[in-house]
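User: I'd like to go through the labels on this one and hear what stands behind each of them.

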Amino acid sequence: MTYIKVDPEMADKIVRDGLIESYFTTEEMIEAAETKEESGEKLKPFEQEDLEYNRKYLKALTRVIKHFSVAGNFNIEVERFEYLEKSFDPPTYSYVDTDEDEDEI
């Protein structure tokens with residue numbers, strides 16, 4: 001097994017960004033369930049339990065993020081994360097065979 005050495009500041013950033021990403025994902029799940037509920041659809045029992053759990057989890061997650069944030073300023077961390085997420089342009093790879101490959105065969 002290979003280990004990567006990470007300085008404490010970088011480890012804090014990784015944890016903080018993971019928490020913020022979890023925040024957005026949970027927020028989206030809550031919005032989807034509430035939208036479904038508002039449209040007149042009845043949530044299944046497990047969906048209702050998930051909604052209640054996610055609401056509690058979101059409150060707890062907000063508190064933890066504030067603990068890991070700059071002077072407890074949650075908004076600064078969210079803005080920083082959104083900026084980094086928008087500025088990250090992952091490389092794209094195409095694994096689709098093109099017509100040129102068929103000519104070679």
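This is a predicted model: local features need pLDDT of at least 70, side-chain atom pairs count only at pLDDT 80 or more; totals for chains, interfaces and linings use all residues.

User: How many aromatic pairs does a search of the whole structure find?

Analyst: The search comes up with 2 aromatic pairs. Rings of Phe, Tyr and Trp (its six-membered ring) pair if their centres lie within 6.5 Å; planes under 30 degrees apart count as stacked, over 60 as edge-to-face and the rest as tilted.

User: What makes the pair of Tyr 23 and Phe 24 edge-to-face?

Analyst: The centres of Tyr 23 and Phe 24 are 5.7 Å apart, and the planes make 75°. That angle is over 60, so edge-to-face is the label.

User: Tyr 53 and Tyr 57 also form a pair, so why is that one called stacked?

Analyst: Their planes are 5° apart, which is under 30, and the centres are 6.0 Å apart, within 6.5 Å, so the pair is stacked. Tyr 53 and Tyr 57 sit 4 residues apart in helix 2 (residues 45-68), so about one helical turn separates them. Helices here are DSSP runs (H or I, at least four residues), as strands are (E, at least two), numbered from the N terminus.

User: How do you know whether Tyr 23 and Tyr 53 are buried or exposed?

Analyst: Buried means under 20% relative accessible area, exposed over 50%, partly exposed in between (1.4 Å probe, protein chains only). Tyr 23 has 11%, so Tyr 23 is buried, and Phe 24 at 16% is buried too. Tyr 53 has 53%, so Tyr 53 is exposed, whereas Tyr 57, at 30%, is partly exposed.

User: What about Phe 68: which residues is it in contact with?

Analyst: Phe 68 is in helix 2 and, at 29% relative accessible area, is partly exposed. Contact means heavy atoms within 4.5 Å; leaving aside neighbours within four places in sequence, Phe 68 touches Asp 12, Val 15, Arg 16 and Leu 19. The C-alpha atoms of Phe 68 and Asp 17, 51 residues apart along the chain, are separated by 9.8 Å.

Notes. Residues are numbered from 1 along each chain as its sequence is written. Side-chain values use heavy atoms; hydrogens and water are left out.
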